[in-house]
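Subject: Structure handover

Dear colleague,

I am passing on the structure below, followed by notes on what was found in it. Please read the notes with the structure open.

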Amino acid sequence: MYNADLDGNISKSDHKLAGTIGTGLFFGVGQVLALCGPLGSLLVFIHVCTVAYATILSVGEMTAFAPISGSILLYVARWLDPSLGFALAWNYFYYAGIAIPTELTAFASMVTFWDLDPLHIPIYLTAIIVALLVLNLFGVRWFGNSEIFFSSLKIMLAITLIVGGLVISLGGGSNHQMIGFQYWNNPGPMVSVLEPGAMGRFLSLLVAITPAAVAVSGIELISITAAEAKQPRTNIIKAMKTVIFRLIIFFIFTVIVVGMVVPSNDPALLSPGTSAAQSPFVIAFQRAGVKVLPSVVNAILITVVLSAANTFIFSSSRILYGIAVQNKAPKVFATCTTNGLPWVAVIVAWLFSFLSFMVMSASSGTVFNWFIDLSAMCGFIGWITLNVTYLRYYYGLKKQGIVPRGIYRSPLQPYAAMWAIFWVFFYILFNGISVFWEWSTSQFIATYINLPIFCCLFIGYKLWYRTKMLPLSQLDFETNIPTLAETGDEGLLLEKPSLAKRLREII
């Protein structure tokens, strides 16, 4: 049910949306550039962003209708199948958990910008891991204050780096060399991988989908704590209406600028086997001959990465807490302090961070790719399940003749959800395509292990509890769903959007 007092009050969804921005934007974009070139990376990110946007529309509309604790996980259990809700809950716990060492692996690589001694990496990791635990045990109020600061820093950093990249491209660096789009000519707009020629360029797009999707995914997690915010419907609707502009600014503009200032064949870009890969922005300022700025940018990027790790510890712990509260996990995970902090769940989520020490046995580039493959399949499973759930929600309301009052409904639906389902199925199908050209047992396991785990959770729960998918006419759209007055969102009934606002909503 709705609860605005659980563990304090969460910040607005704007900050939670920025909270998930980390290695994908500031680090992983370079990996995509190295895989498929500037034009290829632009095409891949545009396509992935359309799928992510469609998923956010689905999640946002369901959350605005029913801002209840557990949100997307309960939607699947209520409107699709309880067994799928159970499997998806553990899938997202695992997804958020794996994202923690992913961020820390990027941190380990970024530190090599100043210190190339590999023996110092575990010292840095230990210090950061301890600091993350201390920060998360302060509770949500401390988390909210820190995330407001770091999220604002990310937004300002993204805009500053985009502008800075444009300045460098126009000859504003110390070497005063105008770059423009010369890297689109040499080494070229696209890169061939696995095969030479046109086939290799096409395969590069398929291979790049995984890191691009991981960079964009996770935004849907902002709805998990929707019931803990004041005026949840108002905040979710605002975030949903503006997220397309954030995707364009944060990702599409970034990809364009990075493709202008860094060649796709730069050896410092992230790739398997590299141990000292750097953010493409740091590389850009280095290539422009700026002496101090690369260190400054790298330092800020490290804080951004650690902020994202902090966010994922929070998200993972709250998911685990929610599973335990629903009696789908041992009750010990629901243990809270007197202030409502689920400290056992926090510690369990925090333990994922120790996987980052794998960089001591393999290169950071290789380990980072393992985590990316693990995260990608979790994200794809989540996207396709949520969009299928939305279709059940959409046609269930239609079947029962229910028209939500004051709740925004995108004119792109239900076709946006159908678009996402089709392409996510395509993503899953070709997720590990490169492993069949260059066989790697570890990569194969990292790519596909989550599928059988999800299926086992789904089938096991279904056989044990014998759950059934209800017909559309019997879907529950009333139980524990608060009214607009109960959540303080009654102003949505009075709002009269202008013509300009209606056009913006359609976009």
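Among contacts in the chain (heavy atoms within 4.5 Å) between residues at least 6 apart in sequence, 82% join residues at least 24 apart. This is a predicted model, in which local features need pLDDT of at least 70 and side-chain atom pairs count only at pLDDT 80 or more, while totals for chains, interfaces and linings use all residues. Residues are numbered from 1 along each chain as its sequence is written, and side-chain values use heavy atoms, with hydrogens and water left out.

The chain has 507 residues, of which 60% are buried; buried means under 20% relative accessible area, exposed over 50% and partly exposed in between, with a 1.4 Å probe and protein chains only. There are 18 helices and zero strands, taken as DSSP runs numbered from the N terminus (helices H or I, at least four residues; strands E, at least two).

Helix packing

H2 (residues 23–65) and H14 (residues 415–429) have axes that come within 9 Å and cross at roughly 130 degrees. The axes are lines fitted to C-alpha atoms over the stretch in contact, and angles run from 0 to 180 degrees between N-to-C directions. The two helices are therefore oblique to each other, the class left over once angles under 35 degrees count as roughly parallel, over 145 as roughly antiparallel and 65 to 115 as roughly perpendicular. On the H2 side the contact includes His 47, Val 51 and Leu 57, which belong to a set meeting residues of H14, among them Trp 419, Trp 423 and Tyr 427. By class, this contact has eleven nonpolar, four polar and no charged residues (nonpolar: Ala, Val, Leu, Ile, Met, Phe, Trp, Tyr, Cys and Pro; charged: Asp, Glu, Lys and Arg; polar: the others, Gly among them).

In H12 (residues 343–350), Val 344, Ala 345, Val 346, Ala 349 and Trp 350 are buried. Their cover includes H4 (82–111), H5 (121–136) and H11 (293–325).

Aromatic pairs

Rings of Phe, Tyr and Trp (its six-membered ring) pair if their centres lie within 6.5 Å; planes under 30 degrees apart count as stacked, over 60 as edge-to-face and the rest as tilted. The count comes to 30 aromatic pairs. One of them is Phe 65 with Trp 79, a tilted pair at 6.3 Å centre to centre and 55 degrees between the planes. Phe 65 lies in H2 and Trp 79 in H3 (residues 71–79), 14 residues apart. Phe 65 is buried at 10% relative accessible area, and Trp 79 is buried at 0%. Both belong to one aromatic cluster that also includes Tyr 75, Tyr 390 and Phe 477.

Regards
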